[in-house]
Structures are given as structure tokens and as C-alpha cells.
Amino acid sequence: MNKTNTRRLVECAIFATVCFVITRLLAIPAFYTKGYVNLGDVAVLMTSYMIGGGYGAVAAGLGSAMADFSMSFYHYVPATFVIKALMVLISVFFFKHSERSESRFISVLLIAAGVILAETFMVLGYFAFELFLYKKGAFASLAGNCMQAIVCAVISVVIIIILKRSNFVKMIKK
């Protein structure tokens, strides 16, 4: 295994751990669904921005799915893995274009668009999964997922813009 592959695997492991820890430690029980809302999407979107692509998708999916598993939400593990991995793949497209933009305004719009589309996918993905599981009961978690998406989107956009302006990502990639 060469140095680049080893580095990518280590990044993947670190970000999977970050996704797990943030999702697990910042989980707020949702009494109306017996589930939880969390700030894990912030870690998912940071993973997308920091490492992106396939490694980022695996890291975010695995870390978030492990959090569900550790809290005994076993039936959510496959859906969480797929939804979080696809959130990375959706948002990374916009994040890469924001890096190429020479306009700060366009760059911020692209970051916001990526985050909003990824969070919208999260809400719709879980809603579809819960419709399959719970039928009409899926509507009970819709408000919590929407609130989680809005809070995580705002926090993520702010953090990503700060990281982008600080050149932190470019600095650690050297």
C-alpha cells in the first residue's frame, strides 16, 4: 500500500470516528418517535468538505451508522449508511465547484446549495425509509428531521466558510 492510500484510509477512519462521536454525544432524544435528533450532519458535511468523494462517503456513512448501532437503532443502520454517504456525494459536487469559483459570493452560494440539497435529501431519505417501516407514523419524525436539517445546515455553512477562508484544508493536505 502506498503512502497516498494509507493517508486516505487514515483520513477515512478519523472522519468516521468524528461522525460517530458527534452523532452519539450530541443526540437529543425525540420523545414523539422514540428516536433522536443530533448534530451529526455537521460532521457528515465537514467530512464531505474535508475529504469528499468515496472515502468521505464511506467515512460519513460508517460513522453515522455506527452511532445508530451503538444506540440500539439497528433497523436504521443500513438506511443511515446509505443516506449519509449520499449526502456526502451530493454536497461534494457543489463544494468542489465552490473551490474553483473566483467570486466569494458564488462560492458561498455553491456551499449553501450543497448543504441545503444534502440536508433535503436526508429529510426525504429518512421519510421514505420510515414510510416503508411505519406507514403513516413516518409523519411523526418529519418535523424533527426538518429541524435537525435546518440547524445542521446553518452550522455547517458557517463552519465551511470559515474553513475555506482560513485555507485550513489546503494547509493540511500538503
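Helices here are DSSP runs of H or I with at least four residues, strands are runs of E with at least two, and both are numbered from the N terminus. The model shown is predicted. In this model, Lys135 sits in the loop between helix 5 and helix 6. Its phi is near 55°, a positive value in a residue other than glycine. Lys135 counts as exposed, because its relative accessible area is 55% and the cut-off for exposed is over 50%.

**The whole chain.** Seven helices and two strands make up the secondary structure of the chain. Along the sequence, the order is α-β-β-α-α-α-α-α-α. The C-alpha atoms fill a box of roughly 50 × 40 × 25 Å along the principal axes. A compact globule of 174 residues would have a radius of gyration near 16 Å, and the chain agrees, with 16 Å. Of the 174 residues, 44% are buried. Consider the contacts with a separation of 6 or more: 72% of them join residues 24 or more positions apart.

**Surface and charge.** The accessible surface of the chain comes to about 9400 Å². Carbon and sulfur atoms hold 75% of that surface. The chain carries 16 positive and 7 negative charges. How far apart are the mean positions of the positive and negative charges? They are separated by 4 Å.

The chain has seven aromatic pairs. One of them joins Phe127 and Phe139, with ring centres 5.0 Å apart and planes at 70°. Planes over 60 degrees apart count as edge-to-face, so this pair of Phe127 and Phe139 is edge-to-face. Phe127 belongs to helix 5 (residues 104–134), and Phe139 belongs to helix 6 (residues 139–166). The pair therefore ties together parts that are 12 residues apart in sequence. Phe127 has 16% relative accessibility, so Phe127 counts as buried.

**Phe129 and the ring cluster.** Which residues form a cluster through ring pairs? They are Phe73, Tyr76, Tyr126 and Phe129. Phe129 lies in helix 5. With 18% relative accessibility, Phe129 counts as buried, since the cut-off is under 20%. Setting aside residues up to four places away in sequence, Phe129 touches His75, Tyr76 and Ala79. Phe129 and Ser141 are 12 residues apart in sequence. Their C-alpha atoms are 11 Å apart in space.

**Ser72, a positive phi in a loop.** Ser72 is placed in the loop between helix 3 (53–70) and helix 4. The phi of Ser72 is near 65°. That is a positive value in a residue other than glycine. Is Ser72 buried, exposed or partly exposed? Ser72 is partly exposed, with a relative accessible area of 43%.

**Ser98, a buried serine in helix 4.** Helix 4 covers residues 77–100, and Ser98 is part of it. The relative accessible area of Ser98 is 0%, so Ser98 counts as buried. What does Ser98 contact, leaving aside its neighbours within four places in sequence? The partners are Ser107, Leu110, Ile111 and Lys164. Val58 lies 40 residues from Ser98 in sequence. The C-alpha atoms of Ser98 and Val58 are 22 Å apart in space.

**Gly40 in helix 2.** Helix 2 spans residues 40–50, and Gly40 is found in it. Gly40 has 1% relative accessibility and counts as buried. Apart from its neighbours within four places in sequence, Gly40 contacts Ile22 and Thr23. Gly40 and Gly63 are 23 residues apart along the chain. What distance separates the C-alpha atoms of Gly40 and Gly63? The separation is 9.2 Å.

Note on methods:
Residues are numbered from 1 along each chain as its sequence is written. This is a predicted model: local features need pLDDT of at least 70, side-chain atom pairs count only at pLDDT 80 or more; totals for chains, interfaces and linings use all residues. Side-chain values use heavy atoms; hydrogens and water are left out. The radius of gyration is taken over C-alpha atoms; the globule rule is 2.2 Å times the number of residues to the power 0.38. Buried means under 20% relative accessible area, exposed over 50%, partly exposed in between (1.4 Å probe, protein chains only). Contact means heavy atoms within 4.5 Å. Accessible areas come from the Shrake-Rupley method with a 1.4 Å probe; for residues, only the protein chains shown count as cover. Lys and Arg count as positive and Asp and Glu as negative; His and the chain ends are not counted. The place of a charge is taken as NZ of Lys, CZ of Arg, CG of Asp or CD of Glu. Rings of Phe, Tyr and Trp (its six-membered ring) pair if their centres lie within 6.5 Å; planes under 30 degrees apart count as stacked, over 60 as edge-to-face and the rest as tilted.
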